[in-house]
Amino acid sequence: SGPIPHRAGIVRYRIVLVIPMKWVVFLPIASALKSTDLLQRWSMSSMSLPKMGIEEALKLRGQVEFPDQRFGGFHLMESLQEDHGTVPTTAPGSPGALPYSNVRSNGIGHPDPIGMSAGVLVLVYAAYSVYRYRREANRIISLFEANTQIKELSESAARGEPLPNIVVIRGHIGADGGDICTVSTGIDGLRERVGEIEQPKNAWIEIARQAKSDPQLRGVADAVVQRTGVDADDVPEVPEPGDPYARQSNNRGEGSLVVAEILVARICAKHQSIRREKTTKRVTIKRPRRNESYNCFHGRRVSERLHLIDLDGNRCDIELPPADAVGLAGVSDPPPLFLPVSDVWTEFTHYLRRDGVTGPSGRHQRLDDLPPMRLSDPYTLLSEFIFLDVQSPGDLGGFPGNPSVLENIGEAFRNGPTPANFLWEPRGFYDSVRGGGYDDVPSYASKHRKTEMVTARELLERAQVAAKENARYTPHCEPTFTRLELEQRRDEENCFRYTELAIPRGTPVTILARPMVAQAGTGEGADCNIRLVSPGCDEGPDPYVDAKNLKDRFRFRILKGHQVENLLRHRELNPTAYYGLAMVAMAFIGWAASGYPGLGA
């Protein structure tokens with residue numbers, strides 16, 4: 001079975017909730033729950049929770065009462081209390097009994113309303129997100145069928161009419177400037193792997209895929225349907241591993257190019273755990289491999305005056321979103337040109353931080369000072385312009401024959417006298433803190449505990465120090481592993497991921513963007529120059545908004561080809577990922593309702 005968080009982690013999780021009075025929900029342990037063999041036995045306890053459709057989900061979304069400032073008490077959502085009452089604790093084996101009815105008067109084993117409320121909020125958010133993506137797919141079809149052309153936008157602007165917030169325009173991409181070149185084709189170790197695409201598995205998608213095919217998870221899937229109205233049939237069929245995770249690309253990153261963009265991510269091993277068997281007292285250390293990630297470098301080369309020539313031969317300029325997927329303040333939004341599948345957990349925490357939550361009494365709780373997410377799941381990237389997506393064989397990012405790949409990339413983006421910097425995030429180089437929070441850095445990390453930008457050479461020097469300290473001092477070692485084995489496992493557990501895309505000049509593309517006036521025309525009948533920019537995105541409605549008035553959310557997209565299927569296909573895995581989140585949320589509700597079985601050892 002997958003890793004189970006240590007009991008002390010739950011204790012800290014409750015303290016974080018009550019004392020600072022800020023709701024972090026189950027941030028410290030959510031990633032540990034993404035193991036499908038735990039879903040069924042943790043979800044059965046949630047069968048007696050109330051049903052809710054999308055209308056109810058939108059009304060309940062975020063409705064939580066927070067700890068009382070004086071007494072530190074916490075109350076379950078009123079609507080949940082009314083329908084559910086108290087968690088049943090009948091004897092095991094009796095009708096309606098929980099599968100883990102080891103309820104004690106306090107501590108682990110006692111139903112936890114905090115955990116149940118957290119799970120309900122995540123479940124509602126996941127259901128809402130699946131519904132939102134279905135709406136957006138219909139909107140995309142409408143925008144495509146509108147067949148908007150640049151000339152009609154220009155004429156509307158000239159008449160003083162407001163431009164639409166979002167359009168889908170087809171044409172061919174070009175630029176006034178000269179050709180640009182890619183980075184990886186000039187670096188030994190990467191050059192030989194051009195055309196290879198081998199992405200890490202997406203845990204949320206794998207959960208959804210198994211839920212749709214594994215009979216043992218039918219109970220969990222049925223519970224999601226009963227509580228949210230979201231059926232497995234509402235999400236598309238998910239391919240077996242190997243597609244889209246591994247494939248060959250015909251794009252070689254060569255020729256007359258107008259855009260080239262590279263993303264370097266650190267992939268690390270987190271959520272190590274210690275398992276103790278009650279009967280034999282045997283201790284087993286679980287060490288996952290390459291399951292968390294953060295972006296350490298994002299660079300772009302683009303030719304001057306990038307533009308689109310539409311199907312009628314009219315032109316508009318293109319303003320790409322900034323290449324800023326590396327952030328000192330925490331995990332940023334995924335880079336849009338790579339067409340990422342939704343990073344569901346990061347999006348959820350961003351929503352909490354931005355909007356907070358509102359209790360049934362109308363009291364709003366701000367959550368803008370929640371600690372930022374420092375690590376996320378490795379991205380699933382679907383752009384057909386990607387021609388390279390590989391992981392280094394070792395911890396330090398090098399390839400056979402060239403250990404200096406990171407330094408070569410820094411030199412390729414040199415700005416004046418200094419090479420480009422990379423993000424040093426210490427959490428990506430040390431084990432998880434035993435019994436600690438997701439944001440903790442181990443105490444044995446003697447130096448460089450601060451998140452900061454450094455050169456590639458300094459990052460590698462720090463990585464080597466971290467590798468030695470982690471192997472020497474981490475508690476997630478004996479008796480399953482020796483300290484020497486930990487040093488040898490370093491390359492298996494950690495790596496760097498290199499992903500690059502290239503857009504050739506004259507390629508037929510479909511662009512989803514917001515039109516704006518770049519330059520107003522002068523004189524009677526003069527047209528206005530149009531520029532396509534990144535649309536403003538809306539994370540979602542207020543908790544009490546009606547489902548019919550939901551705002552759609554779109555991000556800037558450039559897709560290869562002119563078919564509407566290209567626009568829809570890259571979005572298909574988004575509701576699938578949220579369905580996986582709903583499965584985990586349902587399992588967590590049942591686990592909290594039954595008192596966190598498995599943590600009392």
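Let's start at isoleucine 558, which touches Ile173, Leu320, Leu337, Leu339, Phe385, Ile503, Val509, Thr510 and Ile511, leaving aside residues up to four places away in sequence. Keep in mind as you look around that this is a predicted model.

Now step back to the wider setting. In soluble globular proteins, nonpolar side chains tend to be buried together. Here the largest nonpolar core has 83 residues, and Ile511 and Ile558 are those with the most contacts inside it. The element that gives the most to this core is helix α6 (residues 113-146), with 13 residues. There is also a second, separate core of 40 residues, and among its members are Leu190, Phe387, Ala456 and Phe496.

Next, turn to the aromatic rings. A pair of them is described by the distance of the centres and the angle of the planes. In this model the count comes to 14 aromatic pairs. Tyrosine 444 counts as buried because its relative accessibility is 16%, while tyrosine 473, at 45%, counts as partly exposed.

Aromatic residues also gather in a group: Tyr125, Tyr128, Tyr133, Trp345, Phe348, Tyr351 and Tyr578 form one aromatic cluster. Finally, look for arginine 301, which lies over the face of phenylalanine 413, at 5.2 Å from the ring centre.

Note on methods:
Residues numbered from 1 in each chain as written. Predicted model: local features only at pLDDT ≥ 70, side-chain atom pairs only at ≥ 80, totals over all residues. Heavy atoms only, no water. Phe/Tyr/Trp six-rings, centres within 6.5 Å; stacked < 30°, edge-to-face > 60°. Buried < 20%, exposed > 50% of the residue type's maximum accessible area, 1.4 Å probe, protein only. Lys NZ or Arg CZ within 6 Å of the ring centre and 35° of its normal. Core = buried A, V, L, I, M, F, W, Y, C linked by side-chain atoms within 4.5 Å. Helix = DSSP H or I, 4+ residues; strand = E, 2+ residues; numbered from the N terminus. Contact = heavy atoms within 4.5 Å.
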